[in-house]
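Here is a short briefing on a protein model. Keep the sequence and the 3D view open while reading.

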Amino acid sequence: MAGVAGAPARRGRVLDGFALVVLGALLWGTGGVAGTVLARETDLPMLAVASYRLLVGGGALVVVLALTGRLGGVGRSRAVAVRVAATAVLAAVYQAFYFVAVGIASVSVPTLVALGASPVLVAAATVVLRRRRPAARVLVALGLALAGLVLLVGVPTGPGATAGALLALVSAAAFATMTLLNARPVPGLAPLPLTALSFTLGGLLLLPVAATLGGGLALPPAGSGPTGWLLLAFLGLVPTALAYGAYFTGLRTVPATTASVVALLEPLTGAVLAALLLGDRLGWPGLVGGALLGAAVVVLRPRP
């Protein structure tokens with residue numbers, strides 16, 4: 001009877017986790033519009049954007065958790081230190097290579113490759129590690145999502161497309177590894193402290209790279225007034241701190257492959273916001289692609 005009574009509670013946790021992963025993907029989508037406007041308003045180098053985004057997001061969470069006393073509960077074990085350090089390096093690599101790819105090629109190149117390759121890599125790694133293929137509905141959702149992504153973003157060509165795609169593939173591998181790694185919790189390390197500590201460390205790791213190889217660490221206000229600061233704060237708080245906090249929390253109950261497919265809601269959210277706020281047009285391929293991405297999420301929704 002206890003097992004029967006516990007079933008609704010477990011299902012409730014799975015539903016909550018799935019909702020948090022969806023929320024994280026939707027919040028990530030707001031970063032595309034903010035990044036586009038930031039690029040228009042400032043001449044901030046791409047690696048500097050990656051560094052500041054991690055620092056603002058992680059630093060804000062550290063302050064909030066410290067004020068509420070939640071940092072005191074973080075374990076002091078070697079496993080906690082290794083997980084924070086590994087997530088920091090992966091986050092730094094993911095952000096750095098993604099933003100450098102954006103600087104070399106159009107935004108569509110890293111969006112298509114980084115986001116499209118991530119669920120494929122997660123699914124392939126899951127097959128190797130668990131020695132069983134994903135469920136049929138996961139494969140169907142993956143196919144729908146990838147087809148939708150191609151229709152929504154398009155197949156990029158032009159100068160820098162190859163180099164941008166290779167850099168974005170490294171970014172995809174880092175995100176996939178970060179998803180697989182954090183699908184297994186470490187005792188003494190909750191998702192929000194993990195996000196706070198690892199992203200702060202990741203931003204610090206990127207600072208010297210941005211200063212020496214990425215065009216410097218110029219700050220947003222140069223010629224942009226308060227707009228640059230507000231946009232950078234938004235990038236750090238909403239599509240970084242809140243989004244990754246929700247995503248890592250959802251990973252506690254949602255399979256890694258499912259979470260990586262749901263993450264493809266990010267470009268759909270970005271495309272819708274760009275159409276509403278920036279005057280971009282989706283066209284019929286984008287509309288069909290968006291519908292396929294939505295269908296993939298419906299297919300993956302938790303079931304009794």
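The points below cover the nonpolar core, the aromatic pairs and a surface patch.

This is a predicted model. Its largest nonpolar core has 71 residues. The structure also holds 11 aromatic pairs.

**Nonpolar core**
- W28, F175, Y244, Y247 and F248 have the most contacts inside the largest core.
- Helix α3 (residues 78–104) gives the most to this core, with 11 residues.
- Beyond its neighbours within four places in sequence, F248 is in contact with T87, M178, N182, P191, L194, T195 and F199.

**Aromatic pairs**
- Ring pairs join W28, Y94, Y98, F99, F175, F199, Y244, Y247 and F248 into a cluster.
- The structure has 11 aromatic pairs; one of them, Y94 with F175, is tilted, at 5.3 Å centre to centre and 40° between the planes.
- Y94 sits in helix α3 and F175 in helix α6 (residues 161–182), so this pair ties together parts 81 residues apart in sequence.
- Y94 counts as buried at 7% relative accessibility, and F175 counts as buried at 4%.
- The ring centres of F199 and Y244 are 4.8 Å apart with planes at 70°, so the pair is edge-to-face.
- F199 belongs to helix α7 (residues 191–213) and Y244 to helix α8 (residues 226–250), so the pair ties together parts 45 residues apart in sequence.
- Both F199 and Y244 are buried.

**Surface patch**
- A nonpolar patch on the surface is formed by V272, L276, L277, L282 and L287, with about 480 Å² of accessible area together.
- Helix α10 (residues 265–277) supplies the largest share, three residues.
- L287 lies in helix α11 (residues 283–300) and counts as exposed, at 55% relative accessibility.

Methods
Residues are numbered from 1 along each chain as its sequence is written. This is a predicted model: local features need pLDDT of at least 70, side-chain atom pairs count only at pLDDT 80 or more; totals for chains, interfaces and linings use all residues. Side-chain values use heavy atoms; hydrogens and water are left out. Patches are made of residues with over 30% relative accessible area and no salt bridge: like charges are joined within 9 Å, nonpolar side chains (Val, Leu, Ile, Met, Phe, Trp, Tyr) within 5 Å. Accessible areas come from the Shrake-Rupley method with a 1.4 Å probe; for residues, only the protein chains shown count as cover. A salt bridge is a side-chain nitrogen of Lys or Arg within 4 Å of a carboxyl oxygen of Asp or Glu. Helices (H or I, at least four residues) and strands (E, at least two) are DSSP runs, numbered from the N terminus. Buried means under 20% relative accessible area, exposed over 50%, partly exposed in between (1.4 Å probe, protein chains only). A nonpolar core is a set of buried Ala, Val, Leu, Ile, Met, Phe, Trp, Tyr and Cys residues joined through side-chain atoms within 4.5 Å. Contact means heavy atoms within 4.5 Å. Rings of Phe, Tyr and Trp (its six-membered ring) pair if their centres lie within 6.5 Å; planes under 30 degrees apart count as stacked, over 60 as edge-to-face and the rest as tilted.
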